[in-house]
Amino acid sequence: MTAADTRRLKLLSANIQAGSSTRRYSDYVTRSWSHALPAGNKRVSLDSIAKMAGEHDIVGLQEADPGSLRSGFTNQTHYLAEQGGFDYWSHQPNRNVGRVASSANGLLSKLEPVEVSDHALPGRIGGRGVLMARFGDGDEGLVVAVAHLSLGATSRRAQLAFIAELLADHPHAVLMGDFNCVPDRPEMDLLYTRTHLRPPAFCVPTFPSWRPQRAIDHILVSERLEFADARAIPAAFSDHLALAMSIDVPQAALR
């Protein structure tokens, strides 16, 4: 396949922690108020994230506030789309604590999707989901899925089995997000054996952002997609680093 037959896309996956700031473990306690109140420098953080996101073609967001008290009732996915120069955006609210603090998966794109769908994920505790966008016709079209998985291995296994069923028939697929586990966990084999997704060639630690030791944020791509230069980038003051990657997609898999 020649360069003329493919298009290079720059991808980004970022758990933005609703724009809150966490720079050390003690902040989870001393700055816990920022997860429920609109005070702080959330807008400054969002502007920083928007600038970073705008350098990419497709961005998957986790823990984006869809418009509750802590974000000043701002839909953060929409805000990032406007500030980052994205014509297309979608979000999937998953968890709502009495309009005080809500959380959503988000998708920002400079390419127009053919179809966008969202699915609730199974688990012992509700509030997790996967957001999917298709950018080409039929099963051969590029599919990009954004997910935020559970902390518990049992729930994660059920969620990965569900996602594997969604992606099984798509040879040009990307799954990105906060998996809350390293890529060689046993439950991750459900993806590698039931879909066209392959294990990452190397791990990029993303958590905690101030001293990254664990690779729990991933961009997984299918066998037919060439990828390059996976790297971690600070997502303002989130407790996760963002993960960036470039992929080469066959033109036939795009609209």
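Q: Which residues of the largest nonpolar core touch the most other members?
A: In soluble globular proteins, nonpolar side chains tend to be buried together. A nonpolar core is a set of buried Ala, Val, Leu, Ile, Met, Phe, Trp, Tyr and Cys residues joined through side-chain atoms within 4.5 Å. Buried means under 20% relative accessible area, with a 1.4 Å probe and protein chains only. Here the largest core has 24 residues, and L142, V174 and I247 touch the most other members. β11 (241-250) is one of the strands that each supply at least two residues. Its share is the largest, at four residues. Strands are DSSP E runs of at least two residues, numbered from the N terminus.

This is a predicted model: local features need pLDDT of at least 70, side-chain atom pairs count only at pLDDT 80 or more, and totals for chains, interfaces and linings use all residues. Residues are numbered from 1 along each chain as its sequence is written, and side-chain values use heavy atoms, without hydrogens and water.

Q: What is V174 in contact with, beyond its neighbours within four places in sequence?
A: Contact means heavy atoms within 4.5 Å. The partners of V174 include L11, L142, L197, I219 and I247. A separate second core of 21 residues includes A145, L160, C181 and L190.

Q: In what order do the strands of the open sheet run?
A: Two strands pair if DSSP finds at least two bridges between them. The five strands follow the order β5-β6-β7-β8-β9, with mixed pairing. β5 (115-120) and β9 are the edges, each pairing on one side only.

Q: How many bridges join β7 to β8?
A: Six, and the two strands run parallel. A145 has L175 in β8 as its bridge partner.

Notes:
Buried means under 20% relative accessible area, exposed over 50%, partly exposed in between (1.4 Å probe, protein chains only).
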